[in-house]
Amino acid sequence: MASTLTTLPRDDGFRMPAEWEPHAGTWMIWPERPDNWRLGAKPAQQAFAAVAAAIAEAEPVTMLVSAGQWENARQRLPAAVRLIEASTNDAWCRDTGPSFVTDADGRLRGNDWRFNAWGGFDGGLYAPWDQDDRVAAKILDAERAPRYRAPFILEGGAIHIDGEGTLLTTEECLLNPNRNPGLSRAEIEAELRARLGIEKTIWLGAGLFNDETDGHIDNLACFVRPGVVALTWCDDPDDPQYAISHDAHRRLSAATDARGRTLEIVKLPMPGPLFMTDEEASGIDATEGSAVRLGGARLAASYANYYIANGLVVMPLLDPRTDRQAIEILSALHPDRRVVGVAAREILLGGGNIHCITQQQPAGRPG
Ligand code: KQY
């Protein structure tokens, strides 16, 4: 078993690299629970397989998969995708996987945050979540990477990092009483500094409208590179997203990053608004203890929920009316990477998108 450390990453000289820094690979989890993914998760599996296949062209991909799904996943995934059998509660590797950290000598370790299914018994999305809480440890074990077990609840989708000392997050999520009720804003910032090696936290207010994660940053905005943030934009004053995006823009405009730079803000179009259809909702099993999905519910759709891999950007295709514009903007923002769009409505129906189902492992040797 890889060692569990009782020290803090920052004190040991470790920091979390930005997503655009070189990767050793990407981790994902195969979807299957029928109370989150419609039609026994078959359409979602097709979308996850397309994401994995796109990333596997650029870097190694490992998929965690249950024993019961191993044969099915093996048949649907390219041979280049490595499968590891593991129990999980669902398929959100951004949130349940480790936040890897590296040091100046190229050593690799990982933060294993506590996980409570986005809020535990106060608004969380399912119970139990014990297997999901073990995902980070399993991945670190598989890589023989030392593990920092944090006494702190955090999901990877709740933070974005610029790799130069700045972290972006939302108050709606990190200050939510269903995460770390005993900690003040200053104490949360101190945890993030100590465990991710950052210097400064920029707080946005709310996340994307109707995001069931309590407003993860990765569905609203992201760093494109140091000093540049892409933000989901809404021009319709009658849409509840309007006030959220405008407030985020105000806060980002007033902020400076850890290096003292003001931020360039690039507006991303908002798909839709998109809604779950009655037919889609009827394909989801009802179970006790899981969030209920209803036809007509507004979906938390966003192009900001894309993933940066080696030489590649994988972005969600969500709405033919806005996809082309989003591709053009992301291509201009990432001129050195190939931008690949994957049909992602089936991932969206499960409550997240491509960034939420992927977790980068930065280049580095476990140590
Ligand atoms: O936003 C994410 N990082 C994850 C979304 C999880 C939704 C669970 N149904």
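A salt bridge is taken here as a side-chain nitrogen of Lys or Arg within 4 Å of a carboxyl oxygen of Asp or Glu. By that criterion, the whole structure contains 24 salt bridges. The structure is a predicted model, in which local features need pLDDT of at least 70 and side-chain atom pairs count only at pLDDT 80 or more, whereas totals for chains, interfaces and linings use all residues. Residues are numbered from 1 along each chain as its sequence is written, and side-chain values use heavy atoms, with hydrogens and water left out.

**Overall fold**

The protein comprises 10 helices and 19 strands, where helices (H or I, at least four residues) and strands (E, at least two) are DSSP runs numbered from the N terminus. Its radius of gyration is 19 Å, close to the 21 Å that the globule rule gives for 367 residues, so the protein is as compact as a globular protein of that length. The radius is taken over C-alpha atoms, and the rule is 2.2 Å times the number of residues to the power 0.38. Along the principal axes, the C-alpha atoms fill a box of roughly 50 × 50 × 45 Å. Of the 367 residues, 60% are buried; buried means under 20% relative accessible area, exposed over 50%, and partly exposed in between (1.4 Å probe, protein chains only).

Aspartate 11 belongs to the loop between β1 (4–5) and β2 (14–15). With 61% relative accessibility, aspartate 11 counts as exposed. Aspartate 11 and alanine 258 are separated by 247 residues in sequence and by 19 Å in space, C-alpha to C-alpha.

**Ligand site**

The ligand is surrounded by 15 residues, of which Asp95, Glu212, His216, Gly350 and Cys356 are the closest; a residue is near a molecule if one of its heavy atoms lies within 4 Å of it. This shell divides into four nonpolar, seven polar and four charged residues. In this grouping, Ala, Val, Leu, Ile, Met, Phe, Trp, Tyr, Cys and Pro count as nonpolar, Asp, Glu, Lys and Arg as charged, and the others, Gly among them, as polar.

| Residue | Distance to a ligand nitrogen atom |
|---|---|
| Glutamate 212 | 2.7 Å |
| Histidine 216 | 3.2 Å |
| Aspartate 218 | 3.4 Å |

Taken alone, the ligand exposes 300 Å², and the protein buries 99% of that area. Accessible areas come from the Shrake-Rupley method with a 1.4 Å probe.

**Individual salt bridges**

The side chains of aspartate 112 and arginine 149 form a salt bridge with an N to O distance of 2.9 Å. Aspartate 112 lies in strand β7 (residues 107–114) and arginine 149 in strand β8 (residues 147–153), so this pair ties together parts that are 37 residues apart in sequence. Aspartate 112 is buried, at 1% relative accessibility, whereas arginine 149 is partly exposed, at 30%.

Arginine 185 forms a salt bridge with glutamate 171, their closest N and O atoms being 3.0 Å apart. This pair links distant parts of the chain, with arginine 185 in helix α6 (residues 185–196) and glutamate 171 in helix α5 (residues 171–174), 14 residues apart. Arginine 185 counts as partly exposed, at 35% relative accessibility. Elsewhere, salt bridges that share partners join Asp112, Asp133, Arg147 and Arg149 into one network.

Arginine 15 and glutamate 21 also meet through their side chains in a salt bridge, at 2.7 Å from N to O. Arginine 15 has 28% relative accessibility and counts as partly exposed.

Methods
A polar contact is a pair of N or O atoms within 3.5 Å; within protein, one must be able to donate a hydrogen and the other to accept it, and residues adjacent in sequence count only if both atoms are side-chain atoms.
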